[in-house]
Amino acid sequence: MNSFVHKTLVVQLQAGDTDRFSVLAHLSYDTTDPFAVTVVFSHDGRVLARWQLDREMLGDALRRPVGIGDVRMRPESRGMWQELRMEFLGDARPDGGRHHAVVFAWAPAFAAFLRETYEIVRPGREEVHVDDFLADVIAGS
């Protein structure tokens, strides 16, 4: 049984109010952390950002707005094009604001990725081995 899902997608990073440019989003899911999806954004071989997203939240974002903290997502339609809008708030800037990024992805591609994760761990069937986790924490790893 496969315990890992990986997919690389081309997404659009919004610069300013209107300009967008393409970057890669490397999505990964590992059954050792069944609630999380890791997204690494890169451009020209450089990692721009790495985020861990809640898998359930990501699935919900394909249908309705979600998030109130550093990550906010919602579906958007541009004609026949169905997008997932992801807004990320980062560390504080020297001017007192926060780093901010908006990424647009083709929603059906994210849905396909999530379906693959559901094939290996169905929603509601996630397990966390608390004893193993606590042993790792106590051991300092």
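Q: How many salt bridges does the count come to?
A: Nine salt bridges, where a salt bridge is a side-chain nitrogen of Lys or Arg within 4 Å of a carboxyl oxygen of Asp or Glu. This is a predicted model, so local features need pLDDT of at least 70 and side-chain atom pairs count only at pLDDT 80 or more, while totals for chains, interfaces and linings use all residues. Residues are numbered from 1 along each chain as its sequence is written, and side-chain values use heavy atoms, leaving out hydrogens and water.

Q: Which residue meets R20 in a salt bridge?
A: E83, at 2.8 Å from N to O. R20 lies in strand β2 (residues 19-30) and E83 in strand β6, so the pair ties together parts 63 residues apart in sequence. Strands here are DSSP runs of E, at least two residues, numbered from the N terminus.

Q: Is E83 buried or exposed?
A: E83 is buried, at 4% relative accessible area, whereas R20 is partly exposed at 26%. Buried means under 20%, exposed over 50%, and partly exposed in between, with a 1.4 Å probe and protein chains only.

Q: What else does E83 form a salt bridge with?
A: R78, with the closest N and O atoms 3.9 Å apart.

Q: New topic: which strand is β5 joined to?
A: β5 (residues 71-78) is joined to β6 (residues 81-92) by eight bridges, and they run antiparallel. Two strands pair if DSSP finds at least two bridges between them. R74 stands opposite R85 in β6.

Q: What's in the turn?
A: The β5-β6 hairpin has two residues between the strands, and G79 in the turn has a positive phi of about 70°.

Definitions and conventions
Helices (H or I, at least four residues) and strands (E, at least two) are DSSP runs, numbered from the N terminus.
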